[in-house]
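The following exercises concern the sequence and structure shown below. Each task is followed by a solution in steps.

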Amino acid sequence: MKKKVIAVVIAVIALVLLASSLVVTAENQYSLVRQFGRISRVIDEPGLSLKIPFIQTTDTFPRQTLLYDLTPSEVITRDKKTMITDSYVLWRVSDPMRFAQSLNGSVTNAEGRINTAVYNALKNAISSMSQDEVITSRDGELSAMVMDEIDDNMEQYGVELMMFETKQLDLPEDNKAAVYERMISERDNIAATYTAEGNSEAQVIRNTTDKEVAISISEAKKQAEILIAEGEAEYMRILSEAYDTQEKTEFYSFVRSLDALRQSMQGGNKTVILSSDSPIAQIFAGYGE
């Protein structure tokens with residue numbers, strides 16, 4: 001019976017020792033092994049590991065990407081305007097040993113460092129910009145400036161900042177309305193300038209077009225007058241050739257007189273009274289002879 005008790009005691013002690021010597025590291029964790037309070041090693045592979053029972057202790061810290069939401073804070077722009085920023089960062093432990101040595105493997109300590117580094121970088125970035133530039137830099141320019149400054153600062157802690165984003169970048173309530181009115185006024189002035197420039201350009205185009213049209217019309221009239229003159233000259237040349245003898249001239253006069261007589265006898269009145277010296281009367285008088 002005594003031997004059985006001793007065997008059970010030994011088995012229990014063995015189980016306790018075995019349990020105390022096992023370190024279970026999950027997929028999303030790092031295990032920090034301490035010996036007498038000092039960091040001995042960091043286990044960065046998931047699975048089972050061994051440690052010295054009762055001498056070494058273990059802590060864990062996350063290896064997945066973490067979100068840290070910064071407290072909204074006020075910053076001053078280059079033109080001495082106050083703005084309120086509300087931001088967040090995504091971060092992870094990039095060097096487990098350095099993280100353990102510099103921050104004691106504490107997420108809380110890491111977030112404190114991140115808060116200070118991000119706030120200082122954000123403050124420096126915004127202080128180098130005017131309020132209008134800050135408002136118009138929400139397309140990623142401000143985030144890039146902050147990331148460029150804080151990357152090197154956090155590397156010494158074994159921490160990598162993966163992304164910085166501004167959730168809200170706003171004005172204090174007491175001067176928000178005044179700033180908006182000023183911005184609207186500036187946009188109205190810009191719009192008026194564009195409108196004036198457009199009207200001026202349109203007038204230039206209209207003047208140029210009117211000038212080109214006037215030149216085209218003048219040229220067309222000139223060509224028309226030339227063609228008319230050429231036509232009349234050709235007409236006179238043809239007449240001159242057609243009536244270049246006395247007989248042709250007299251025949252032409254006779255035909256023209258008949259045309260004039262025919263025109264005068266239009267309508268219901270068929271009576272024509274001619275004086276004896278009328279060219280038409282003379283033609284008929286000559287014809288009768």
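**Exercise 1.** Determine where E45 is found and whether E45 counts as buried or exposed.

Solution. Step 1: E45 is found in the loop between β3 (38-43) and β4; helices (H or I, at least four residues) and strands (E, at least two) are DSSP runs, numbered from the N terminus. The model is predicted: local features need pLDDT of at least 70 and side-chain atom pairs pLDDT 80 or more, while totals for chains, interfaces and linings use all residues. Residues are numbered from 1 along each chain as its sequence is written, and side-chain values use heavy atoms, with hydrogens and water left out.

Step 1: E45 counts as exposed because its relative accessibility is 55% (buried means under 20% relative accessible area, exposed over 50%, partly exposed in between; 1.4 Å probe, protein chains only).

Step 2: Leaving aside residues up to four places away in sequence, E45 touches T25 and R63 (contact: heavy atoms within 4.5 Å).

**Exercise 2.** Identify which elements the salt bridge of R34 and D59 ties together.

Solution. Step 1: The side chains of R34 and D59 meet at 3.0 Å, N to O (salt bridge: a side-chain nitrogen of Lys or Arg within 4 Å of a carboxyl oxygen of Asp or Glu).

Step 1: R34 belongs to strand β2 and D59 to strand β5, so the pair ties together parts 25 residues apart in sequence.

Step 2: R34 is buried, at 12% relative accessible area, whereas D59 is partly exposed, at 36%.

**Exercise 3.** Describe the salt bridge of K167 and D86 and the network that holds these residues.

Solution. Step 1: The side chains of K167 and D86 meet at 3.8 Å, N to O.

Step 1: K167 is partly exposed, with 45% relative accessible area, and D86 is buried, with 14%.

Step 2: D69, D86 and K167 are linked in a network of salt bridges. The whole structure has six salt bridges.

**Exercise 4.** Which residues touch the most other members of the largest nonpolar core?

Solution. Step 1: In this core of 38 residues, they are V89, W91, I114, V159 and L161 (nonpolar core: buried Ala, Val, Leu, Ile, Met, Phe, Trp, Tyr and Cys residues joined through side-chain atoms within 4.5 Å).

Step 1: The most residues come from α3, which gives eight.

Step 2: Beyond four places in sequence, the residues that V89 touches include I114, V118 and L161.
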